[in-house]
Amino acid sequence: MGKLDGKVAVITGAARGQGRSHAVALAAQGADIIALDICADIDTNLYALASWDDLEETRRLVEKEGRRCVASVADVREPTQLRQAIEKGVTELGGLHIVVANAGICPLGDVPRKAFLDAVDVDLVGVINTVSAAYPHLSSGASIIATGSVAALMKGGTDNPALGAGGAGYTHAKKGVTQFVHDLALALAPESIRVNAVHPTNCNTAMLHSDGMYKVFRPDLESPGREDAEGAFYSNQPMPVPWVEPADISNAVVFLASDDAKFVTGLQMKVDAGTAIPHTQAYANR
Ligand SMILES: NC(=O)c1ccc[n+]([C@@H]2O[C@H](COP(=O)([O-])OP(=O)(O)OC[C@H]3O[C@@H](n4cnc5c(N)ncnc54)[C@H](O)[C@@H]3O)[C@@H](O)[C@H]2O)c1
């Protein structure tokens, strides 16, 4: 028996990285999956986003777990696309109980100022659009999980002016997600719908392994590569790791989705190997 038998989960940004990992982990616990992704690039985001083939691979991996998967292209900036894709999934799979608003971009580097707006549009408005499209299908016992970032919980995350407009937009958006989750949790508590955030530190995905991110960690080099940045990635986490794996975040998502967390709501759950500790109020006031 799985912890999520009979449940249906919608996941945005499901084609690769953490989203794919969440899809497989939730399926392994018995959930059927509505897997959504933009499957196209965004021009101010300098690394490539996922493809349709990536989304198909997620579907294959979910089916390998013995669960059903309805995969659709949907841009979280587009409420109509989200509504239609979620309705299609709910019709085919018979309900909706778990929402994982995970899709994100991090447009670091030498990008136009519009990158601020694009980051906010995907990383904050996209979360709100996802929840709004899913909400009519939810009822008592449902669980909403939004992906924030430890960048929202620390000083000098990506809001350092040296990181450009995209970095500032990313931090603004993730702080917004934190506040949105906090306030929505209170608003939906009387309906017994739970709302929580997961805040990853460096996570071993394409977003981390991008030229813009390498430059953040090795500003001293003109064009740093993976080998140059790998050592510097350790500096983010007090625990001795350069990053966590998508599966580490999925463990938190499965917990928050399941009845193990049936009275857990409004939680800002850090999976950060200690990154945010020096930025907490208690620590800062010492
Ligand atoms: N990787 C990290 O170090 C890290 C750290 C903290 C938080 N996060 C957050 O984790 C989440 C997942 O990112 P990841 O690390 O798996 O990176 P990733 O780039 O591998 O995955 C992001 C996915 O979102 C999709 N996507 C992007 N824009 C979209 C849109 N408009 N509509 C629908 N799908 C869209 C991409 O195609 C991709 O499949 C993001 O919200 C990110 O901000 C990542």
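## First stop: H4 against H5

Select Ala-115, Phe-116, Ala-119, Val-120, Asp-123, Leu-124, Val-127, Ile-128 and Val-131 in H4; they meet Ala-165, Gly-166, Ala-168, Gly-169, Tyr-170, His-172, Ala-173, Lys-174, Gly-176, Val-177, Phe-180 and Leu-184 in H5. By class, this contact of H4 with H5 has 15 nonpolar, four polar and two charged residues. Bear in mind that the model is predicted.

Now look at the two axes. They come within 6 Å and cross at roughly 20°. Angles under 35 degrees count as roughly parallel, so H4 and H5 are roughly parallel to each other. H4 passes H5 in a right-handed crossing.

## Second stop: H3 against H4

The crossing of H3 past H4 is right-handed.

Which residues make the contact between H3 and H4? On H3, pick Pro-79, Leu-82, Arg-83 and Ile-86. On H4, pick Asn-129, Thr-130, Ala-133 and Ala-134. Five residues in the contact of H3 with H4 are nonpolar, two are polar and one is charged.

Select H2, residues 52-64, together with H1. H1 covers 17-28. The axes of H1 and H2 are 9 Å apart, at an angle of about 15°. H1 and H2 are therefore roughly parallel to each other. Here too, note the hand: H1 passes H2 in a right-handed crossing.

Show the side chains next. From H1 come Arg-20, Ala-23, Val-24 and Ala-27. They meet Asp-54, Glu-57, Thr-58, Leu-61 and Val-62 in H2. The contact of H1 with H2 divides into five nonpolar, one polar and three charged residues.

Move to H8, residues 246-257. At 1.5 Å a residue, its 12 residues should span 16 Å. Check the ends: the end C-alpha atoms of H8 are 16 Å apart, which agrees.

Which residues of H8 are buried? Select Pro-246, Ile-249, Ser-250, Ala-252, Val-253, Val-254, Leu-256 and Ala-257. Now show what the buried residues of H8 pack against. One partner is the helix H1. The others are strands: S4 (98-101), S5 (143-147), S6 (194-200) and S7 (268-271).

Is Thr-147 buried or exposed? Thr-147 counts as buried, because its relative accessibility is 5%. Leaving out residues up to four places away in sequence, Thr-147 touches Gln-18, Ala-101, Asn-102, Lys-174, Val-177, Val-198 and Pro-200.

Go to the loop between H7 (226-233) and H8, where Trp-243 is found. Trp-243 is buried, with a relative accessible area of 13%. Its contacts, not counting residues up to four places away in sequence, are Asn-202, Cys-203, Asn-204, Leu-208, His-209, Arg-226, Glu-230, Phe-233 and Gln-237. Trp-243 and Ala-197 are 46 residues apart in sequence, and their C-alpha atoms are 19 Å apart.

Next, select Gly-231 in H7. Gly-231 counts as exposed, at 51% relative accessibility.

## Last stop: two positive phi angles

Select Ser-192, in the loop between H5 (164-188) and S6. Ser-192 is not a glycine, yet its phi is positive, at about 55°. At 41% relative accessibility, Ser-192 counts as partly exposed.

Finish at Ala-273, in the loop between S7 and H9 (281-284). Ala-273 is not a glycine either, and its phi is positive, at about 50°. Ala-273 is buried, with a relative accessible area of 13%.

Note on methods: Residues are numbered from 1 along each chain as its sequence is written. This is a predicted model: local features need pLDDT of at least 70, side-chain atom pairs count only at pLDDT 80 or more; totals for chains, interfaces and linings use all residues. Side-chain values use heavy atoms; hydrogens and water are left out. Helices (H or I, at least four residues) and strands (E, at least two) are DSSP runs, numbered from the N terminus. The expected span of a helix is 1.5 Å times one less than its number of residues. Buried means under 20% relative accessible area, exposed over 50%, partly exposed in between (1.4 Å probe, protein chains only). Contact means heavy atoms within 4.5 Å. A crossing is left-handed if the near helix is turned anticlockwise from the far one by less than a right angle, and right-handed if clockwise. Ala, Val, Leu, Ile, Met, Phe, Trp, Tyr, Cys and Pro count as nonpolar, Asp, Glu, Lys and Arg as charged, and the others, Gly among them, as polar. Axes are lines fitted to C-alpha atoms, for helices over the stretch in contact, and angles run from 0 to 180 degrees between N-to-C directions. Angles under 35 degrees count as roughly parallel, over 145 as roughly antiparallel, 65 to 115 as roughly perpendicular and the rest as oblique.
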